[in-house]
Amino acid sequence: MCGIVGYIGSKQAAPFLLDGMSKLEYRGYDSAGIAIRNKDVTVIKEKGRIQNLQKLVDSENPQGTIGIGHTRWATHGGPTEANAHPHASKRCVIVHNGIIDNCLELRDELSAQGYTFVSDTDTEAAAHLIDREYAA
């Protein structure tokens, strides 16, 4: 099962996200990640347990008071860092629970239009669709 945690506030977002995600551990997952917005967006993700992600967050120390976190159970693509959420495109950062049934068709269409994929997930296709719609 996947889980999504978000934070908007006056304090640093990363501790809230990691705490909330740790409370979702009982649901099961194979990877986890966070995105923190400050002037830019920092995405940190890792396969395995949240404690693995915590080590990366501690070393990178992302700063920002807006963020989103996601624990993932693989449906499209294996449990890898590249397939962990969040996924970022030029215009958005996205997490997603569920399955996009026509993902392969969308990926083929987007690839033909010049979009490059770095994961095997359906969620990355959704991020590129958002880019495409805003570019139109």
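## Strands that pair

Two strands count as paired if DSSP finds at least two bridges between them. Strands themselves are DSSP runs of E with at least two residues, while helices are runs of H or I with at least four residues, and both are numbered from the N terminus. In this predicted model, local features need pLDDT of at least 70 and side-chain atom pairs count only at pLDDT 80 or more, whereas totals for chains, interfaces and linings use all residues. Residues are numbered from 1 along each chain as its sequence is written, and side-chain values use heavy atoms, with hydrogens and water left out.

Four strands form an open sheet in the order 1-4-2-3, with antiparallel pairing. Strand 1 (3–8) and strand 3 are the edge strands, each pairing on one side only.

What happens to six of the seven residues of strand 2 (residues 31–37)? They are buried (under 20% relative accessible area with a 1.4 Å probe, protein chains only), so strand 2 is largely enclosed by the rest of the structure.

Strand 2 pairs with strand 3 (residues 41–47) in the antiparallel sense over seven bridges, and a hairpin of three residues joins the two. Seven bridges also join strand 2 to strand 4 (residues 66–72), again antiparallel. You can follow this residue by residue: G33 stands opposite K45 in strand 3 and has H70 as its bridge partner in strand 4. Likewise, R37 is partnered by V41 in strand 3 and stands opposite I66 in strand 4.

## Helices across the sheet

Helix 1 (residues 13–22) lies across strand 1, strand 2 and strand 4 and runs at about 155° to strand 2. Helix 2 (residues 50–60) lies across strand 2, strand 3 and strand 4, at about 145° to strand 3. These angles run from 0 to 180 degrees between N-to-C directions, using axes fitted to C-alpha atoms, for helices over the stretch in contact.

## Two packed helices

Two packed helices are described by the angle between their axes and the distance between the axes. Helix 3 (residues 103–112) and helix 4 (residues 122–135) pack at an angle of about 45°, with axes 10 Å apart. That makes helix 3 oblique to helix 4; angles under 35 degrees count as roughly parallel, over 145 as roughly antiparallel, 65 to 115 as roughly perpendicular and the rest as oblique.

Which residues in helix 3 meet helix 4? They are C103, L106, R107, E109 and L110, and they meet D122, E124, A125, H128, L129 and R132 in helix 4, where contact means heavy atoms within 4.5 Å.

Methods
Buried means under 20% relative accessible area, exposed over 50%, partly exposed in between (1.4 Å probe, protein chains only).
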